[in-house]
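Colleague: I am new to this structure and would like to learn how to read its features. Could you walk me through them?

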Amino acid sequence: MINIEKIHHVAYRCNDAKETTQWYKDKLNMNLVLAIAEDQVPSTKAPDPYMHIFLDAGDENVLAFFELPNSPTMGRDTNTPEWVQHIAMRVASVDALIAAKEELVSKGVDVLGPTNHGVFKSIYFFDPNGHRLELAANTGTKEQYKQLNEVAHDMINEWAETKKAPRHAAWLHEQD
């Protein structure tokens, strides 16, 4: 039986490894912990040089990026809205979230939010590669998370049949 302990790392593409490393250090205080560069892809043996950087996202979480100089210019899936694909990172509290927003704005980052999601609040912004980032602070109670867990499968099943938002957890956004 497979037993996942945690995510080892999540990897995205970047335009420039040095710029990305510096941006994440300057804006989010994430340190570079590892860099791997090869002229050949280890898994496929394809001749494709890359720089693979690994950034400390706290509590042994790692956010990684690849710079691929021989690939076409990086783009995004134009069939998917910008708000869908994002990297969300947790902060300790709503106060920490507000402080993070203030700091990011002072560093010239355009920040949206906070947005109330019922059991957490979030702010949103973009990195220099066009990746949408989210900082989130949990606000829900154990009872609220338990209630959401109890209706999750029913919601998925209803969605699969109707493709309309089930109302099982409508209370999440009725708090605004």
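**Pockets and rings**

Modeller: Let's begin with the largest pocket: 19 residues line it, and Ala57, Gly58, Asn61, Met89 and Arg90 lie nearest its centre. A pocket here is an open set of points on a 1 Å grid over the protein atoms alone, where a 1.4 Å probe fits, with protein on both sides within 12 Å along at least five of seven lines; lining residues have an atom within 4 Å of a point. This is a predicted model, where local features need pLDDT of at least 70, side-chain atom pairs count only at pLDDT 80 or more, and totals for chains, interfaces and linings use all residues. Residues are numbered from 1 along each chain as its sequence is written, and side-chain values use heavy atoms, leaving out hydrogens and water.

Colleague: How is a pair of aromatic rings described?

Modeller: By the distance of the centres and the angle of the planes. Rings of Phe, Tyr and Trp (its six-membered ring) pair if their centres lie within 6.5 Å; planes under 30 degrees apart are stacked, over 60 edge-to-face, and the rest tilted. The whole structure holds four aromatic pairs. Trp23 and Phe125 make a tilted pair, at 6.4 Å and 35°.

Colleague: Is Trp23 buried or exposed?

Modeller: Trp23 is buried, because its relative accessible area is 12%, and buried means under 20% (exposed is over 50%, partly exposed in between; 1.4 Å probe, protein chains only). Phe125 is buried too. Finally, Trp23, Tyr24, Phe65 and Phe125 form one aromatic cluster.
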